[in-house]
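Please open the model in your viewer and keep the sequence panel beside it. The stops below move from a sheet to the chain as a whole.

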Amino acid sequence: MKKEDKVLNIEKLEGLISEYAHFYVTNIEGLDAAKTSALRRECFKQDVKLVMVKNKFFVKALERKGIDVAPIATAFKGTSAIMFCNTGNVPAKLIKTLNKKEQIVALKGAYVEEGCFGADQLEALVAIKSKNELIADVIALLQSPAKNVISALQSGAGTIHGVLKTLGERPE
């Protein structure tokens, strides 16, 4: 490969790293064409970009972007497919779902929420909440006291109305 082609590949990977906040280093070696196509379709449905990379190029692109890959350096051995996404737990859920029947995708490492995760931490990655999920949780927590007050006022009004109606219907 010519040096110009190598530089172009590294720059393309830098662009992907800039575009997506999270990435998963996986191994899809041994998949036939049909399974690879099915995997790519699932990734597309979930807004995950699946890219086959040369490890040296990807590590160089990460270094240029200032990302420390030392904690997951062992992930960059052998054949690597990178899953890029903007929601941190989507690829983990996808990997877990696909691997329920048979081992299709092997997690080698991940960079999520500015932290590195190893191959044995798939469950932790599935449990990570996305930004939108955290915002929804905060909104639900903020709405809870107001809902309780409104519910109490509505039930209290019904109770008072019932007492007044009973008192009004009682013969004197």
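Two strands count as paired if DSSP finds at least two bridges between them, and helices (H or I, at least four residues) and strands (E, at least two) are DSSP runs numbered from the N terminus. What you have open is a predicted model, in which local features need pLDDT of at least 70, side-chain atom pairs count only at pLDDT 80 or more, and totals for chains, interfaces and linings use all residues. Residues are numbered from 1 along each chain as its sequence is written, and side-chain values use heavy atoms, with hydrogens and water left out.

Select the strands to begin: 5 of them form an open sheet, in the order S2-S3-S1-S4-S5, with antiparallel pairing. Colour strand S2 (49–53) and strand S5 (115–118) next; each stands at an edge with a single partner strand, so one side of each is left without a neighbour in the sheet.

Now move to strand S4 (residues 106–112), which runs antiparallel to S5 and is joined to S5 by 4 bridges. Pick Gly 109, and you will find Gly 118 of S5 standing opposite.

Then show the whole chain, which has 6 helices and 5 strands and follows the pattern α-β-α-β-α-β-α-β-β-α-α along the sequence. Along its principal axes, the C-alpha trace spans about 105 × 35 × 25 Å.

Finally, colour by accessibility: buried residues (under 20% relative accessible area, 1.4 Å probe, protein chains only) make up 35% of the 172 residues in the chain.

Key: Buried < 20%, exposed > 50% of the residue type's maximum accessible area, 1.4 Å probe, protein only.
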